[in-house]
Amino acid sequence: MQCVVLAAGEGKRMRPLTARRPKVMLPIANRPMMEHLVLAARDAGITEFIFVVGYFEREIRNHFGDGSTLGVKIAYVTQRHQLGTADALRATAGMVTDRFLLLNGDMVLKTDDIREFCTRNAPCVGIHGTDHPQDYGVVTVEEDRITGLEEKSEHPKSNLINAGAYLFNPDIFDLITRIGISGRGEFELTDALESYIREGKLTAYPLDYWLDVGQPWDLLDANGALLGAMQHEQHGTVENGCTLPETVSIGKGTVIRAGTYIEGACVIGENCVIGPHAYIRGSTAIGDNCHIGHATEIKNSIVMPGTKIPHFNYIGDSVIGSGCNFGAGTKVANLRHDNGAVKVCGKSTGRRKFGAIIGDDVLFGINCSVNVGSLIGSNTRVAPHSLVEGCIEEGSIIR
């Protein structure tokens with residue numbers, strides 16, 4: 001069976017993290033989120049993939065190549081203009097030859113679910129229950145038949161959502177040629193599904209596991225979940241006097257210097273220098289070529305490749321882009337004194353603890369303070385002893 005993966009969009013809600021990469025390439029447990037999905041599908045028996053790419057497509061093509069490193073075959077098609085999911089699928093017309101799986105690239109599924117889903121008759125939609133259905137497209141279901149679809153609504157008719165996983169026959173291509181552009185200016189796949197619903201053909205498959213990563217802070221939940229489930233391997237060099245459990249992965253060429261204490265499930269990439277005397281707490285992922293130095297504490301965070309946090313720093317519950325540098329003594333707060341939910345640019349994260357979202361190539365001078373809920377655009381420069389808070393545009397200079 002072929003699998004089409006939709007990966008052309010930027011993921012604007014993930015800005016500034018998507019300034020240089022599409023959303024599907026954001027790392028979770030040190031792998032692009034789409035790689036977790038592809039591996040789950042591969043382990044379910046699917047070996048032939050078609051990736052629909054667009055925004056920063058070279059990032060996807062360079063990482064996955066022809067798929068041989070993952071033991072699969074990958075073909076690519078470019079969606080030049082992001083005009084909706086139906087338009088993205090239409091780009092694969094002529095490449096799909098039989099019943100096929102269609103997956104949004106920005107979610108995480110489990111192998112067992114995909115394997116069972118693929119045994120169902122097409123057309124079929126993967127659904128999942130949630131306690132906040134107003135944030136998603138919602139479905140209504142009678143027995144196993146889908147009876148209605150509605151886009152985001154303040155008053156959703158059920159708590160079951162369209163999870164972005166579909167099983168189709170090639171006749172879907174006839175349907176998507178008949179739909180018009182929606183009120184959102186896009187060609188929506190859900191409009192094509194209405195025809196199936198009217199004919200009573202569209203069935204639902206309830207997914208046991210579904211991780212959606214819609215907002216930057218969702219990356220932390222996904223990161224923690226996948227780090228807790230992964231098989232850990234330790235390479236590199238660990239000097240005497242370090243403390244770390246078996247639930248820590250260490251990449252090749254990495255050195256863990258004396259006095260470093262690591263706890264919980266963590267992953268550290270290749271060619272990193274950690275310590276001496278660093279403290280890394282659970283659910284933290286550190287990318288390749290990072291430096292986490294003396295007396296630095298990092299908790300429940302994602303640090304992307306090439307970032308340096310080298311002296312007397314604290315980073316809590318944050319997502320840090322690639323190529324950043326933190327001056328000595330610079331810290332990121334992660335807790336409000338009133339214990340209220342942290343907001344980012346006016347939007348609640350629903351989290352009592354959350355630090356900051358920091359784009360790529362942000363440079364801090366010494367002794368800067370980054371307040372809870374800050375969002376800092378890429379290429380920002382921060383002068384020593386500065387207080388940073390709120391939403392900072394890309395390329396800003398803070399004095």
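In which sense do E32 and strand E35 pair, and over how many bridges? In this predicted model, E32 and strand E35 (residues 381-382) pair in the parallel sense over two bridges. Within that pairing, Phe364 stands opposite Val382 in E35. The two strands belong to an open sheet of three strands, ordered E32-E35-E38, with parallel pairing. Its edges are strand E32 (363-364) and strand E38 (397-398), each of which pairs on one side only.

A further open sheet contains seven strands in the order E17-E20-E23-E26-E28-E33-E36, and here too the pairing is parallel. Strand E17 (261-262) and strand E36 (387-388) are the edge strands, each pairing on one side only. Inside the sheet, strand E28 (residues 331-332) is joined to strand E33 (residues 369-370) in the parallel sense, over two bridges. Val332 has Val370 in E33 as its bridge partner. As a general point, the strands of a sheet pair through backbone hydrogen bonds, in either a parallel or an antiparallel manner.

In the model, the span 262-393 is 0% helix and 39% strand, and its end C-alpha atoms lie 34 Å apart. A local backbone feature is found at Asp317, which is not a glycine and yet has a positive phi of about 50 degrees. Asp317 is located in the loop between strand E26 (314-316) and strand E27 (319-320).

Over residues 4-225 the chain is 25% helix and 27% strand, with 25 Å between the end C-alpha atoms. Two cis peptide bonds may be examined next. The bond from Arg15 to Pro16 is cis, with omega near 5 degrees, and Pro16 is found in the loop between strand E1 (2-7) and strand E2 (27-28). The bond from Ala122 to Pro123 is likewise cis, with omega near 0 degrees; Pro123 lies in the loop between helix H4 (111-117) and strand E8 (124-129).

Leaving aside residues up to four places away in sequence, Tyr76 touches Phe51, Val53, Ile60, Arg61, Phe64, Gly65 and Met95. With Gly65 there is also a polar approach: a polar atom of the Tyr76 side chain lies 2.6 Å from the backbone oxygen of Gly65. The C-alpha atoms of Tyr76 and Asp66 are separated by 9.0 Å, the two residues being 10 residues apart along the chain.

Two or more lining residues come from each of strand E3 (31-32), helix H2 (57-64), strand E15 (248-250), strand E18 (266-268) and strand E24 (302-303). By class, the lining of this second largest pocket comprises 13 nonpolar, nine polar and 10 charged residues.

How values were computed: Residues numbered from 1 in each chain as written. Predicted model: local features only at pLDDT ≥ 70, side-chain atom pairs only at ≥ 80, totals over all residues. Heavy atoms only, no water. Helix = DSSP H or I, 4+ residues; strand = E, 2+ residues; numbered from the N terminus. Nonpolar A, V, L, I, M, F, W, Y, C, P; charged D, E, K, R; others polar. Pairing = 2+ DSSP bridges. Contact = heavy atoms within 4.5 Å. Polar contact = N/O pair within 3.5 Å; in protein donor to acceptor, adjacent residues only side chain to side chain.
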